[in-house]
Amino acid sequence: MAKMRVRLLGVLILVTASPAAHLADGVTSSAAVPLPGSLWFDQPAASSFTVEGGRFVDGLGREVVLRGYNVSGETKLEENRGLPFASVADAEKSATALRALGGGNTARFLLSWAHAEPVRGQVDRQYLAAATAQMRALLRAGIRVYPDFHQDLYSRYLFDEGSWYTGDGAPKWAVEAGNYPKESCGICFFWGQNITQNQAVTQATYDFWHNRGGVQDDFLATAQTTMTYLAGHLSSEEFAGVAGFDPYNEPHAGTYDSGRSSRAWERDVLWPFYEKFRARMDAAGWRDKPAFVEPNLFWNANLDFQKQEGGLLDAGAALGPRYVFNTHFYDQKAISGIFMWGKAKDGQYAGDFGTVRDRATGAGTAAIVSEFGHPLSGSVSDKAPTVGKAMYQALDSRLPGVSWWSRPKDSGPVLSGTQWQWDIHNGRHHEPMNGNPDKVLTKGDAWNDEDLSAVRLDDEGRPVLRQDARLLDRLYPTATAGRVLAFTYEDRARDGSTTLTWNPVPASLSRVRELVGSGQYGVLLWRSDGTSAPTELHLPASFATARTTVVSDLGTVHGPPSYDRGTPIAVAHEAGGTTSRRLLLTAQKADDLHFALITNGAAAPTADLLQAARAELAAWAPAR
């Protein structure tokens with residue numbers, strides 16, 4: 001009945017609302033207009049986004065998986081005045097590509113404190129208006145967003161024109177008030193070493209956490225003003241697409257007080273900051289949205305000499321539904337070029353990402369890996385195809401591919417994640433580093449020699465992928481009507497001319513193996529909740545509708561039909577007006593176990609092969 005009321009309310013708004021709602025400061029936003037491609041359930045599903053029972057859920061109670069990218073590293077640069085995009089048109093082009101090429105449904109939207117509050121106590125509303133307009137472009141493409149006040153090395157203003165490195169985050173006035181020493185990293189091979197070795201960075205960071213001169217109070221006030229602005233200048237439907245807020249990127253103490261451990265710092269310093277930020281969210285009208293809180297940056301480092309105890313262990317049940325466990329993961333061994341000589345293998349990060357799952361479960365909340373990736377140029381870029389495949393594999397399941405078919409019950413929840421990063425202007429920047437007109441950066445991401453953007457523009461101005469489309473545009477369950485029990489996806493991503501197959505169908509399922517052949521495939525096991533809304537999976541562009549085969553307890557079909565409410569297996573465009581598509585599986589009986597194999601393998605499978613594959617899966621699924 002509650003869900004029926006939501007749907008009726010949506011109809012009432014559509015009937016009575018004017019075509020546009022005029023908001024404060026002259027901002028105009030569409031009101032209650034369905035996104036292009038919307039189906040009957042899309043508006044009530046999008047009406048809310050919460051955490052329940054340790055998982056993300058939408059307005060229909062379906063289990064949601066967020067996948068996408070950080071938008072974008074351009075926020076770190078001055079060329080676009082601290083905005084993720086050069087313009088709204090730029091944001092629209094990026095959003096369309098993120099959906100159609102990158103297979104994403106979510107963006108971590110970077111904001112700049114330095115540009116939001118360039119003068120102490122004065123929030124720049126022109127900056128907020130421009131950021132809001134760019135955010136709206138993503139929301140109108142059907143992309144959920146969660147903003148992030150981004151920082152690295154505290155602030156660019158700690159560095160001068162002759163510095164080897166740069167930062168981003170805090171405003172110039174915050175640095176000038178600190179009277180910090182001249183920055184120097186000493187012997188550093190990677191920009192991240194500044195976090196612990198550069199005294200200017202460590203002292204400024206320490207002062208922020210200890211609110212020296214009230215600088216943290218200023219940040220919290222600016223964050224509240226920003227959140228209030230967003231809540232007031234997005235329509236209610238657009239604001240519903242904002243999943244939450246990431247308060248602080250990659251927190252670290254700077255330096256620890258004598259006798260204080262990294263774990264104690266999280267408990268005594270970091271967590272109280274998050275509670276203050278949470279209160280600011282509530283006051284700004286974000287009470288129903290979670291805070292995406294990050295632990296100590298080094299809590300899950302895979303180099304022993306970097307690792308520090310943490311993971312918000314002492315927040316305990318305080319995380320609950322109002323906080324999301326939000327972490328990053330980069331393979332520092334692979335990036336170093338020293339500590340991992342070979343390439344990543346099947347199950348490489350199963351343990352690392354399993355730890356993320358376990359920590360979120362222990363805290364009673366959902367988890368997201370809000371940054372992951374690997375350099376796409378330079379001496380270690382040859383590892384990128386295997387590192388990327390292993391990371392996405394670990395998001396999908398906590399099992400290596402070699403053991404998935406025999407142990408799907410141990411697969412664990414499908415993790416949400418946003419890859420670093422999505423910058424269509426990669427390799428085309430014009431950034432005077434630290435304001436130095438003689439040091440204009442154009443290559444890669446134009447920031448500390450990074451080059452991780454998954455996308456760029458070709459010579460005709462069209463977005464194109466810089467990584468294998470098989471890796472990025474993936475099959476995954478975006479919304480499950482019930483509970484996901486297990487999921488896997490064999491993307492057949494390539495490392496140069498070599499196709500990587502880490503999850504072959506076992507010989508014991510010979511007809512399934514025949515059906516899949518050398519094609520891509522995914523398997524979803526779920527227990528339904530009895531609602532009439534379908535389970536949705538993002539369908540990659542490589543799964544042409546005419547070539548897609550689905551074998552399920554709900555039926556078998558080659559070339560699924562267009563969706564209508566009486567069709568258990570169907571295809572439709574994803575809401576948002578792009579070319580991205582979704583597979584819709586409708587199972588209306590509550591608490592039933594369901595399975596679905598989705599593949600683009602066989603070009604014209606026979607009815608006998610489909611039925612034989614279904615029989616094998618029907619026997620396999622309950623037994624496993």
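This is a predicted model: local features need pLDDT of at least 70, side-chain atom pairs count only at pLDDT 80 or more; totals for chains, interfaces and linings use all residues.
## Ground rules

Local features here need pLDDT of at least 70 and side-chain atom pairs count only at pLDDT 80 or more, while totals for chains, interfaces and linings use all residues. Residues are numbered from 1 along each chain as its sequence is written, and side-chain values use heavy atoms, leaving out hydrogens and water.

## Helix H9

Let's start with H9, which covers residues 215-233. Helices here are DSSP runs of H or I with at least four residues, strands are runs of E with at least two, and both are numbered from the N terminus. H9 has 19 residues and spans 27 Å from first C-alpha to last, close to the 27 Å expected at 1.5 Å a residue; the expected span is 1.5 Å times one less than the number of residues.

Which residues of H9 are buried? They are Val-215, Gln-216, Asp-218, Phe-219, Leu-220, Thr-222, Ala-223, Thr-226, Met-227, Tyr-229, Leu-230 and His-233. Buried means under 20% relative accessible area, exposed over 50% and partly exposed in between, using a 1.4 Å probe and protein chains only. As background, an α-helix has 3.6 residues a turn, so residues three or four places apart point the same way.

## H5 against H9

Helix H5 (residues 125-139) packs on H9 at about 50 degrees, with the axes 10 Å apart. That angle makes H5 oblique to H9. Axes are lines fitted to C-alpha atoms, for helices over the stretch in contact, and angles run from 0 to 180 degrees between N-to-C directions. Under 35 degrees counts as roughly parallel, over 145 as roughly antiparallel, 65 to 115 as roughly perpendicular, and the rest as oblique.

On the H5 side, Arg-125, Leu-128, Ala-129, Thr-132, Met-135 and Arg-136 meet Thr-225, Thr-226, Tyr-229, Leu-230 and His-233 of H9, where contact means heavy atoms within 4.5 Å.

## The disulfide

Cys-185 and Cys-188 form a disulfide, with their sulfur atoms 1.7 Å apart; the cut-off is a pair of cysteine sulfur atoms within 2.5 Å. By that rule the count is one. The torsion about the S-S bond is about -75 degrees, so the disulfide of Cys-185 and Cys-188 is left-handed. Both cysteines are buried.

Most residues other than glycine have a negative phi, and most peptide bonds are trans. Against that, the bond from Val-71 to Ser-72 is cis, with omega near -15 degrees, and Ser-72 sits in the loop between strand E6 (67-71) and helix H3 (88-100). Trp-420 and Gln-421 are joined by a cis bond too, with omega about 0 degrees. Gln-421 is in the loop between strands E12 (416-419) and E13 (431-432).

Asn-211 isn't a glycine but has a positive phi of about 55 degrees. Its spot is the loop between helix H8 (199-209) and H9, and at 23% relative accessibility Asn-211 is partly exposed. Asp-449, also not a glycine, has a positive phi of about 65 degrees; at 82% relative accessibility, Asp-449 is exposed.

Asn-179, in the loop between helices H6 (172-176) and H7 (194-197), is exposed at 69%. Its C-alpha is 72 Å from that of Ala-615, 436 residues away along the chain.

Gly-601 is buried at 14% and touches Leu-515, Val-516, Gly-519, Gln-520 and Arg-547, leaving aside residues up to four places away in sequence.
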